[in-house]
Amino acid sequence: MAIAEHTIQFLCPTSEVTPDCPKRVELADHPPLAIFNLNGEFHVTDDTCTHGEASLCDGEIVGDVVECPFHQGAFDIRTGEAVGAPCVVNLKTYPVVIENGIVGIRLGQ
């Protein structure tokens, strides 16, 4: 049985992501990411809305939902589920790793 290879990509210190202000991170050869802090629990999703080309980091956060700034579609930050029209395609989420106060994600399968 093959063991899956996972690479941890570190993104930024936890101190740079406040609960009211998600942080956009751009990596080479990867779509932009959004890091969210929900009461000390960190979540990472793709930053671009699946309905339009809007940055979700510019959207409004209400509870655990982020609202797109273009058409007010909404996504559950924890699961990536599209929870508000006109968005119907879910947002990609990433497994988060916190090491030494740094937010990272696991990449690869």
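Is Cys49 buried or exposed? Select Cys49: the residue is buried, with a relative accessible area of 5% (buried denotes under 20% relative accessible area, exposed over 50%, and partly exposed in between, with a 1.4 Å probe and protein chains only).

The model is predicted, so that local features need pLDDT of at least 70 and side-chain atom pairs count only at pLDDT 80 or more, while totals for chains, interfaces and linings use all residues. Residues are numbered from 1 along each chain as its sequence is written, and side-chain values use heavy atoms, with hydrogens and water left out.

**The cysteines**

The structure holds zero disulfides, a disulfide being a pair of cysteine sulfur atoms within 2.5 Å. Cys49 is in no disulfide, and the nearest cysteine sulfur, belonging to Cys87, is 3.6 Å away. Next, select Cys87, which is likewise in no disulfide. Cys87 is buried, at a relative accessible area of 5%.

**Strand β4**

Proceed to Thr45, located in strand β4 (residues 41–46); strands (E, at least two residues) are DSSP runs, numbered from the N terminus. Thr45 counts as buried, at 1% relative accessibility. Display its contacts (heavy atoms within 4.5 Å): leaving aside residues up to four places away in sequence, Thr45 touches residues including Ala34, Phe36, Ile77 and Leu91.

**Strand β3**

Finally, select Ala34 in strand β3 (residues 33–38). Ala34 is buried, with a relative accessible area of 0%. Beyond four places in sequence, the residues that Ala34 touches include Lys23, His43, Thr45 and Cys57. For a distance check, take Ala34 and Ile77: they are 43 residues apart in sequence and 9.7 Å apart in space, C-alpha to C-alpha.

Technical notes
Helices (H or I, at least four residues) and strands (E, at least two) are DSSP runs, numbered from the N terminus.
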